[in-house]
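This short report looks at aromatic rings and at the overall build of one protein. Please keep the sequence and the model in view while reading.

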Amino acid sequence: MEFIMFPIIFVGLIVLFSSFFTVKQQIVAVVERFGKFHSIRNSGLHLKIPIVDRIAGKVNLRIQQLDVIIETKTKDNVFVKMKVSVQFKVLQEKAYEAFYKLEYPHDQITSYVFDVVRAEVPKLKLDDVFERKDDIAVAVKRELNEAMTTYGYDIINTLITDIDPDIQVKNAMNRINAADREKTAAEYEAEAGRIRIVAKAKAEAESKRLQGQGIADQRREIARGLVESVDVLNKVGINSQEASALIVVTQHYDTLQAIGADANSNLILLPNSPQAGSDMLNNMVASFSASNQVGEMMKKGNIKKVAKKHQKDEFGTEGESEEV
């Protein structure tokens, strides 16, 4: 008797424990009784009648994502591959429709995505596809919501995550972009060159102006120094002509000294003899004396006498000059 009761108790325990089941969070269980829909069980611990009731399936209420790869053609006859990511979930209150009305929801969503994308993209050129991809995504979401709400699915969002044109088209676009950037770089380089040239010209002009001003100041100071030197020499009994000649000769020898101080100088002054300084001094004194005489005679109105005097100095006598 005890041997018979042990299997019965064991089977009873199995049946008892099989009557209980749990449903996880964000999951609903569909319970059927004799093959007919009976109830929707939410998350938690539940009881069902063994053999009579069974769990027909479970519906996931979490947000899911489906990636759809589509190849289509643009208005300018460029084939592109687009990746459309559809985020959707099952509405809890419509779990019955999601489980019984639609057997393959992923295939259904894929079909609608293909239909919308292949209707929208051929209206746009390739550049517009990149710029208006959000508009295409909105159109896909709108179409999917209208179709899938009936089956208990809510479309959360649709994203166009990738647009991949043909490899030759991408290479051509890269060459166009590279050429455009090279053009821009050349324009900037030319502008930079122009700025450098203008700046250099302005700097040279300013340098020349300052150099000229410096030379003028130098000459002005030299002249002032000469005037002071002549005044000092006049005070010791040397007239202006002799003083000027003396200053010039002094500067001449100062120049020779400066040249001689440079061991690598190849400059040769002709004439360059000791007598040259004396000759230069005598010529300068004679020139200053002659110029003073001419100036005094011109002041007295004796221009003709001056001319005859110079003619005699050059040709001997006036008559000899006429005979020649």
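## Aromatic pairs

The structure holds five aromatic pairs, where rings of Phe, Tyr and Trp (its six-membered ring) pair if their centres lie within 6.5 Å, and where planes under 30 degrees apart count as stacked, over 60 as edge-to-face and the rest as tilted. One of them joins Phe37 and Tyr100 edge-to-face, at 5.8 Å centre to centre and with 85° between the planes. Because Phe37 belongs to strand S3 (residues 36–41) and Tyr100 to helix H2 (residues 95–100), this pair ties together parts that are 63 residues apart in sequence.

The model is predicted: local features need pLDDT of at least 70 and side-chain atom pairs count only at pLDDT 80 or more, while totals for chains, interfaces and linings use all residues. Residues are numbered from 1 along each chain as its sequence is written, and side-chain values use heavy atoms, with hydrogens and water left out.

## Around Tyr100

Tyr100 is partly exposed, with a relative accessible area of 32%; buried means under 20%, exposed over 50% and partly exposed in between (1.4 Å probe, protein chains only). Tyr100 also pairs edge-to-face with Phe99, at 4.9 Å centre to centre and 85° between the planes. Phe99 is partly exposed at 25%, as is Phe37 at 30%. Together, Phe37, Tyr96, Phe99 and Tyr100 form one aromatic cluster.

## The whole protein

The protein has ten helices and eight strands, which are DSSP runs numbered from the N terminus (helices H or I, at least four residues; strands E, at least two). Of its 324 residues, 22% are buried.
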